[in-house]
Amino acid sequence: MTLAIVLAAGAPAAGLPTGDGRTLADRLADQWRRAGATQVRQAADLTELADLVDVAAGPVIVTGADLVAHTAVLRHLATSPVGPTVALVLTDPPAPGQAAVREERGQVVDAGPAGRLDGATGVFGGALRVGVDDLPALAAAARAAAVAADAGPSAGPVVDRLFTGLAALGTLTFAHRVRLLVAHRVADPAGLAAAEAALRGVDEDRAELKLSVKEKDDFFTTFFVSTWSPYVTKASARLGLGPTAVTMISVAFAVAAAVLFAVGGGRPALVAGAVLLYLGFVLDCVDGQLARYTRNFSAWGGWLDTMADRAKEYVAYAGLGYGATHAGFRYGWALAIAAMTLQTVRHMTDTWYGVLHDEAARRPKTVGAGGGGIGDRLNAASTRVQADTGSLSYWLKRTVVFPIGERWALIALTVALFGPRVALIAVLVWGALAFAYTGALRTLRARWMWVPVLDTVDATLHRDDGPLAARLPALRPVGPLTLAVVAALGPAALLVAALLRAGGDGDPAGLRWWLPVALLVLLLAGLGAGAAHNGPLDWLVPAALRAGEYLFAIAAGVVGGVPAWLVFGYVLVLTLHHYDLTARLEKRQAAPPLHGATLGWDGRSVVLGVAAIAGFAGIVMATLGAYLLVLFVGSVVLAWVVLPARSRRAAGAPAVGGVRSPG
């Protein structure tokens with residue numbers, strides 16, 4: 001249930017007659033109903049608003065009565081998936097008394113009177129949606145502003161004083177900017193007439209369709225997908241397809257492409273697979289566009305979108321690996337395993353660097369002891385390039401990091417022209433170069449920012465520690481990142497030795513008794529589990545732990561003579577487990593219901609290491625992989641079906657259809 005409150009106090013424009021004869025305040029109230037608010041009230045002052053907020057059971061929308069906007073703008077604000085509390089931000093010149101805002105990475109990091117806020121990036125649009133957890137802060141801000149108003153006259157609309165008071169309480173607020181559509185705050189009949197004329201000059205539905213496309217996407221997606229995917233989005237909406245249905249069709253296309261890569265047996269099949277892979281990526285974009293166009297968002301949808309993207313990409317790698325092996329290349333599966341491992345570790349760094357940057361935006365004045373230096377210059381250069389939208393440097397920066405559109409395009413092009421082996425090598429080479437580039441720059445910038453992030457979350461969960469790591473003593477002077485990196489070197493050395501022996505017609509099984517050494521080195525990472533994760537580079541710990549576990553599993557498979565396809569399948573299951581953790585982090589979800597039974601990176605590695613030493617690596621790897629897959633599926637069913645259904649029954653609420661967040 002969403003309550004919308006129109007706050008008429010301090011807004012002289014509230015009683016202005018609009019083109020349809022209603023007052024502006026009454027028209028706003030009707031627009032909020034059409035935008036999805038289940039209850040709309042008008043409040044005469046801040047005290048009445050605070051009383052309404054006290055009894056609200058769901059999100060609350062607060063708007064001043066001077067806003068002239070398309071209903072779609074209000075609907076977008078009400079359904080914005082970026083965060084629980086979102087404020088409308090405009091680029092209009094601020095009127096006297098209106099609040100200015102300063103944003104970083106889409107977050108409002110400061111708000112205050114226009115003209116007195118340094119570095120302002122916009123002006124408050126007079127409307128905000130406040131999440132349930134932030135309602136006490138909203139009520140407190142309303143009462144504080146009411147007391148201040150009683151103490152003496154204050155200029156400006158009441159809704160602006162409410163917003164600045166809420167920001168002053170430290171409430172995390174995201175900015176919702178208006179694009180293509182119209183939203184203006186008015187103060188007199190002339191302003192109202194001009195704003196209504198601007199409304200009439202825009203086709204609302206056509207603008208919404210254009211808005212379904214991401215504003216800043218990657219080069220391939222922008223020029224080879226988004227130029228025509230909105231037509232597919234419109235057709236899908238007319239056919240009544242939901243985003244989840246489009247996602248499933250996209251998965252089917254990717255699976256079909258992987259099958260053609262694997263067993264096609266000729267150039268026509270490879271070309272057909274490349275076309276299917278491209279169309280699958282188009283549909284992967286369409287599902288997010290459809291979610292934005294229909295305003296069909298949820299944490300479940302965002303989770304599904306993330307998991308489906310990775311599953312499709314890795315299924316394509318499997319098809320390429322099988323196809324290269326089938327064509328006579330000895331290391332086809334090895335290339336596929338390497339590509340999947342590299343991409344997963346890259347994604348782990350991407351996720352945690354994003355968390356780092358968001359935390360830095362909330363604390364913009366926190367810098368390292370160096371006072372800037374090279375990190376400061378890199379940050380300024382990156383900001384300049386990002387602001388120069390459409391320039392050569394802008395597109396180079398977005399392309400060199402090898403985003404998903406470029407990966408799928410490279411796979412489709414190289415497999416059609418040269419075959420699966422070249423496609424995998426191309427993905428590995430570009431992926432490794434992109435990893436080196438982003439890793440170096442991010443490390444420098446992170447040292448400059450000096451903002452810890454792992455100590456703001458459940459580090460044990462996101463490290464994926466098991467019972468053994470939890471019981472090891474903490475080696476605090478060394479630090480968790482150093483221990484994790486050193487731990488990954490042992491399995492890496494064993495893997496290199498095993499591959500060299502296998503490549504020289506030797507028997508990797510002769511290295512079996514080096515497995516305990518590699519395992520002990522890997523378990524060194526457990527000595528950092530109990531240490532504080534507050535170093536400037538500790539956001540790299542989860543990625544280092546993922547690399548260590550994957551390398552050990554691969555090494556155990558090579559030494560134990562496990563078929564390469566089975567090693568690929570086992571690592572794939574591990575990646576699903578870890579992507580589940582990061583997807584929940586991004587969507588602010590709790591741990592998977594069965595997470596405690598997954599044994600942790602340490603427990604799984606011990607089981608696999610002991611099995612490889614005993615000569616049962618293949619059987620145990622298959623069994624452990626199947627076990628983890630069952631736990632993964634069980635967690636999905638429990639988290640997204642069973643537990644929500646129980647909660648609805650307990651609350652006596654009707655069942656709600658699944659919705660998603662944009663991809």
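Me: What are the ground rules here?
Reply: The model is predicted, so local features need pLDDT of at least 70 and side-chain atom pairs count only at pLDDT 80 or more, while totals for chains, interfaces and linings use all residues. Residues are numbered from 1 along each chain as its sequence is written, and side-chain values use heavy atoms, leaving out hydrogens and water.

Me: How do H10 and H12 cross, and at what angle?
Reply: The axes of H10 (residues 243–263) and H12 (residues 299–326) come within 7 Å and cross at roughly 10 degrees. That makes the two helices roughly parallel (angles under 35 degrees). Helices here are DSSP runs, H or I, of at least four residues. Axes are lines fitted to C-alpha atoms over the stretch in contact, with angles from 0 to 180 degrees between N-to-C directions.

Me: OK, new topic. How many salt bridges are there?
Reply: The count is 25; each is a side-chain nitrogen of Lys or Arg within 4 Å of a carboxyl oxygen of Asp or Glu.

Me: Which residue pairs with Asp-464?
Reply: Arg-604 does, with the closest N and O atoms 2.6 Å apart.

Me: Is Asp-464 buried or exposed?
Reply: Asp-464 is buried, at 0% relative accessibility, and Arg-604 is buried at 0% too. Buried means under 20% relative accessible area, exposed over 50%, partly exposed in between (1.4 Å probe, protein chains only).

Me: And what about Arg-143?
Reply: Arg-143 is partly exposed at 33%, and its side chain meets Asp-54 in a salt bridge (2.4 Å, N to O).

How values were computed: Angles under 35 degrees count as roughly parallel, over 145 as roughly antiparallel, 65 to 115 as roughly perpendicular and the rest as oblique.
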